[in-house]
Amino acid sequence: MKIRAVSIGLLALCSTAVVAEQAGTSPRLPPGMAPGYLALDAVPDSAALLPPAPAKGSGTEARDKAAAKAALAAHNTPRWTFATSDADLFGPKATGALSCAAGFEISPQTTPKLDKLLRRTIIDFGFSTYRAKQKFNRDRPFEMNKRPICTPDQDAMLRKDGSYPSGHSAIGFGWGLVLAGLVPERATQLVSRGRAFGESRRFCNVHWQSDVEEGRVVAAAVYARLQADAAYQADLAAVREELAGSRQPPARDCAAEASALASG
């Protein structure tokens, strides 16, 4: 499934949820979209969890603009390349983004149960940001600075999707937390890489710094909620059995990744 199609699916999910909420019914997934672990009306409420998006003229907005300006200097650098790679949530190599941090290759072929679990949580972590996105409807950096983004084919879609908080940041940081629980000896590397996954959105010129930071807060709430979900815990146990076997080394160039991510 192509990233554009699923990204639009997430937006459709958001719209469906909003309409359902207004009608007093439970939100439903659009046709063809696989469910997450949590019922859509059971995910943490980001609109209630987060503070308002930074006000115009505030110190936080000034900080966001400064961080966005600094990130623009990374255009067409290795950090930009990795940010572009991190933008892909649904391609065959998507879950491999955290392979170097984990110390082994994560993929549908090498760790199928782990790959399936991570992909299923995309709905949980990603959807959880949408109530706040709808409530605050914040413009994105590229709408203001008119500079390129990592995924130009998504320009029109992103303009219709609120910037605050970042769904990618929630997903990446959430993945880092999930993997840190599975591979505790690599917790520092995994949580750090999950953080960098979200920061990639700033380098892609599609999210502000505060969008990324608050995405991590949402991820933490969803991760805590997942601990009480029986299906998630059952799959987690199966993944632990899978990881107890042999593990293949990462296929990515981990030295190049570390060098690129060191810039922010």
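Helix H12 has 18 residues, which should span 26 Å at 1.5 Å a residue; its end C-alpha atoms are 26 Å apart, in agreement. The expected span of a helix is 1.5 Å times one less than its number of residues. Helices here are DSSP runs (H or I, at least four residues), numbered from the N terminus. The model is predicted: local features need pLDDT of at least 70, side-chain atom pairs count only at pLDDT 80 or more, and totals for chains, interfaces and linings use all residues. Residues are numbered from 1 along each chain as its sequence is written, and side-chain values use heavy atoms, with hydrogens and water left out.

The buried residues of H12 include Gln209, Asp211, Glu214, Arg216 and Leu226. Buried means under 20% relative accessible area, exposed over 50% and partly exposed in between (1.4 Å probe, protein chains only). The buried residues of H12 pack against H2, H3, H6, H10, H11 and H13. Contact means heavy atoms within 4.5 Å.

Asp211 lies in H12. Its relative accessible area is 0%, so Asp211 is buried. Beyond its neighbours within four places in sequence, Asp211 touches Arg138, Ser163, Tyr164, Pro165 and Ser166. The side chains of Asp211 and Ser163 form a polar contact of 2.4 Å. A polar contact is a pair of N or O atoms within 3.5 Å; within protein, one must be able to donate a hydrogen and the other to accept it, and residues adjacent in sequence count only if both atoms are side-chain atoms.

Two of these partners belong to a cis peptide bond, from Tyr164 to Pro165, with omega near 0 degrees. Pro165 sits in the loop between H9 and H10. At the start of H10, a side-chain oxygen of Ser166 comes within 3.4 Å of the backbone nitrogen of His168. H10 is largely enclosed by the rest of the structure, because 15 of its 16 residues are buried.

H4 and H11 pack at an angle of about 105 degrees, with their axes 8 Å apart. H4 is therefore roughly perpendicular to H11. Axes are lines fitted to C-alpha atoms, for helices over the stretch in contact, and angles run from 0 to 180 degrees between N-to-C directions. Angles of 65 to 115 degrees count as roughly perpendicular. Among the residues that meet are Trp80 and Phe82 in H4, and Phe197 and Phe203 in H11.

Two loop residues have positive phi. Asn137, between H7 and H8, has a phi of about 45 degrees although it is not a glycine. Asn137 is exposed, at 53% relative accessible area. Lys146, between H8 and H9, has phi near 60 degrees. Lys146 also counts as exposed, at 63%.

Note on methods
Parallel < 35°, antiparallel > 145°, perpendicular 65-115°, else oblique.
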